[in-house]
Amino acid sequence: MAVLVSGEGTNLQAIIDSIDSGYLRETEIDCVVSDRENIGAIERARRRSIPVIIVNRSNMLSILSPIFQKVDLVVLAGFLKILPSELVKLKPVINIHPSLLPLFGGKGMYGLKVHEEVIRSGMKVSGCTVHLVTEDVDGGPIIAQKCVTVESTDNPESLQQKIHPLEHQLLVETIKNFGEKKFVINNKKLIFI
Ligand code: GRF
């Protein structure tokens with residue numbers, strides 16, 4: 001697979017650790033793609049000798065097309081750019097999002113902003129979602145979710161800290177289920193088996 005990142009890369013690290021522990025079998029990260037330099041995720045990839053490719057908005061399509069052709073799965077693990085639709089159509093692309101979609105998603109909803117909005121809404125549960133990426137930002141079919149309780153003492157930071165480790169579990173479990181064909185992705189539609 002190819003893993004696309006823009007930040008600290010703890011989700012990337014969870015995938016790496018699951019490959020190294022043998023939880024994810026017959027899985028390899030072909031390359032890590034980033035739209036930023038000097039981020040934690042790149043450091044984590046380099047430490048594991050995974051090739052790193054830096055892209056920007058204008059060269060994304062030409063650089064990523066041959067990469068997407070080669071891999072079975074593309075994982076957005078905190079990647080903040082919107083992928084050109086030509087790329088989204090090429091291969092199954094999944095994304096991890098730190099809320100229970102379809103709530104608190106869409107353009108501009110990333111990082112602490114998501115958790116601020118959850119607290120503001122008064123909702124008593126939140127969580128994370130892995131979904132199929134389509135042209136509709138954070139709007140593709142939902143593959144899997146995990147929930148947490150929002151306590152009255154929670155603030156955006158504490159909620160983020162509660163949800164982050166769940167993201168790691170959910171993303172890795174979903175990649176495993178994809179590899180084991182527990183669901184298949186056909187023409188941007190999900191079929192659970
Ligand atoms: C995560 O909260 C993920 O849900 C969101 O971006 C963040 C990335 O965190 N899409 P990290 O870089 O994997 O630590």
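Between domain 1 and domain 2, seven residue pairs are in polar contact, both residues being at pLDDT 80 or more. A polar contact here is a pair of N or O atoms within 3.5 Å; within protein, one must be able to donate a hydrogen and the other to accept it, and residues adjacent in sequence count only if both atoms are side-chain atoms. The model is predicted, so local features need pLDDT of at least 70 and side-chain atom pairs count only at pLDDT 80 or more, while totals for chains, interfaces and linings use all residues. Residues are numbered from 1 along each chain as its sequence is written, and side-chain values use heavy atoms, with hydrogens and water left out.

Domain 1 covers residues 1-91 and domain 2 covers residues 96-193, with bounds that come from an automatic or database domain assignment. Their C-alpha centres lie 19 Å apart. To the contact (heavy atoms within 4.5 Å), domain 1 brings 20 residues and domain 2 brings 17 residues.

The size of an interface is often given as the accessible area lost when the parts come together. Here the two domains bury about 1600 Å² between them, and 74% of this is on carbon and sulfur atoms; buried area is the accessible area (1.4 Å probe) that two parts lose on being put together, summed over both. On the side of domain 1, Asn11, Tyr23 and Val88 lose the most area to domain 2, together 31% of what that side buries.

One salt bridge is counted between the domains, a salt bridge being a side-chain nitrogen of Lys or Arg within 4 Å of a carboxyl oxygen of Asp or Glu. Glu135 forms a salt bridge with Lys89, and the closest N and O atoms are 3.9 Å apart. On the side of domain 1 that touches domain 2, the elements giving two or more residues are α1 (10-21), β4 (74-76) and α4 (85-90). Helices (H or I, at least four residues) and strands (E, at least two) are DSSP runs, numbered from the N terminus. Helix α1 gives the most to this side, with five residues.

Two further residues deserve a look. Ser65 sits in helix α3 (residues 60-70) and touches Met60, Leu87 and Leu90, not counting residues up to four places away in sequence. Val52 lies in strand β3 (residues 52-54). Leaving aside neighbours within four places in sequence, Val52 is in contact with Val32, Ile42, Ala45 and Arg46. Val52 and Val32 are 20 residues apart in sequence, yet 4.9 Å apart in space, C-alpha to C-alpha.
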